[in-house]
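Q: Please take a close look at a single part of this model. Walk me through its surroundings in short steps.

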Amino acid sequence: MRRTPHLIAIAFFIICWGCSEGESGDKEAETGKKLEPWETGYLDIHHINTGNGDASFMVFPDGTSLLFDAGILDKEQFEAKYAPLKATATIPNDSLSAAEWIANYIKHCFPSDHKLKIDYALVSHFHSDHYGSLVALAQFIPIGKIIDRGYPKYDFPINLREYLKEDKLFQDYLSFIEERNISTEMLIPGSKEQLLLLNKRNSFPNFHVRNIKTNATIWTGVANDTLNYFTAEDMLSHYDGKYNENPLSLGIKISYGSFDYFTGGDNTGLQGYGLPSWFDVETPMAKVIGKLEVTTLNHHSNRDATNEFFIKNTNPKVVVQQSWCSDHPGQEVYQRLIYKDSTTEERDIFATNMHPETLVTYGPWFRDNYKSLRGHIVVRVYPKGNLFKVFIVDEATLEIKQEYGPYHSKK
């Protein structure tokens, strides 16, 4: 058969498109292009980069919305206390507060046919870079329900109302939920009936959110059964009457068909070095989380988290590093992420923000293993959960800088 120039050109285009859009393929976005609006059936997960800690906004397949953390950071105070470490300035600039930048971004990506409201706001734990913007954010966008690790008693591992009586941020948070009568609950570990689709639940039977962990209580992987991994006395005795918020963080797993995603605040996983065995909460979590398509890195990729077992057992295709400090990530964590053997996924690593000093310290070999070093990171999962893409969005213009995928979800 005669091959015309026109047919050859079409064939060449199809081949090139397949190469650029295949598994782990990436491409520079067209100038001025913005993310297409959410549609029914999409699961959108937006990792918002304000330079002030964690903030993730999610739109479920039926339009139900969930905010996981909304941080703020006092850069000057942090650097004065932890010098010579450097923190990131507010992004894209300091003309607005972190809460205002989060609110503006949510308004930009919120489904146009749904009433502006955050259905669920989760507080992973009580550190400012995870919940410090929540009260201010509620001035701009109403919140339906808050879920945290302590309501209503706030007594694990110690009476937080008393212990944190001089902590203005925590006291303002308590006043907010109590005086405004905000619907508030503690995350129920093991449950997949607490974070429900609120609009069209029956239309997406292959979607659910499983609560993995709250405080020291972790799902066992069997029905709704849980185990108490350590006691309040264990923690208080180790810290001489004080305690550590990080290992108490919430953890949730979102599943949509074959797609699985985990996020877990500042949960820790370091073993040895004089630490108690219970400091490693990642290992019991990873045993029940199983294979993931996407995970955020616990504790901003700090060196006391993302241990070898967590990475090996979850084996994520895509890793999201929500970082804001010059010691993020720990070099050991990075080494574990890029290690490959016959069972390891070809892993793509994305950072919301990499501090310039980190790149100077680690060198070009470090930079070369990241797909992106700065920007909002959007994971869009398409209907039924079989395919997903990753978009890097410029914080100032909200234009797409890069696009990766499509990736194929695996069970």
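A: Ala-223 is in contact with Gly-190 and Arg-210, leaving aside its neighbours within four places in sequence. Contact means heavy atoms within 4.5 Å. This is a predicted model, where local features need pLDDT of at least 70, side-chain atom pairs count only at pLDDT 80 or more, and totals for chains, interfaces and linings use all residues. Residues are numbered from 1 along each chain as its sequence is written, and side-chain values use heavy atoms, with hydrogens and water left out.

Ala-223 sits in the loop between strand E9 (217–219) and strand E10 (226–228). Strands (E, at least two residues) and helices (H or I, at least four) are DSSP runs, numbered from the N terminus. Gly-190 is 33 residues away from Ala-223 along the chain, yet their C-alpha atoms are separated by 7.5 Å. Ala-223 has a relative accessible area of 53%, so this residue counts as exposed. The cut-offs are these: exposed is over 50%, buried is under 20%, and partly exposed is in between (1.4 Å probe, protein chains only).

Now compare another loop residue. Asn-244 lies between helix H8 (232–238) and strand E11 (251–256). Asn-244 is buried, at 16% relative accessible area. Its side chain makes a polar contact with the side chain of Tyr-239, at 3.2 Å. A polar contact is a pair of N or O atoms within 3.5 Å; within protein, one must be able to donate a hydrogen and the other to accept it, and residues adjacent in sequence count only if both atoms are side-chain atoms. Leaving aside neighbours within four places in sequence, Asn-244 is in contact with Met-235, Tyr-239 and Phe-279.
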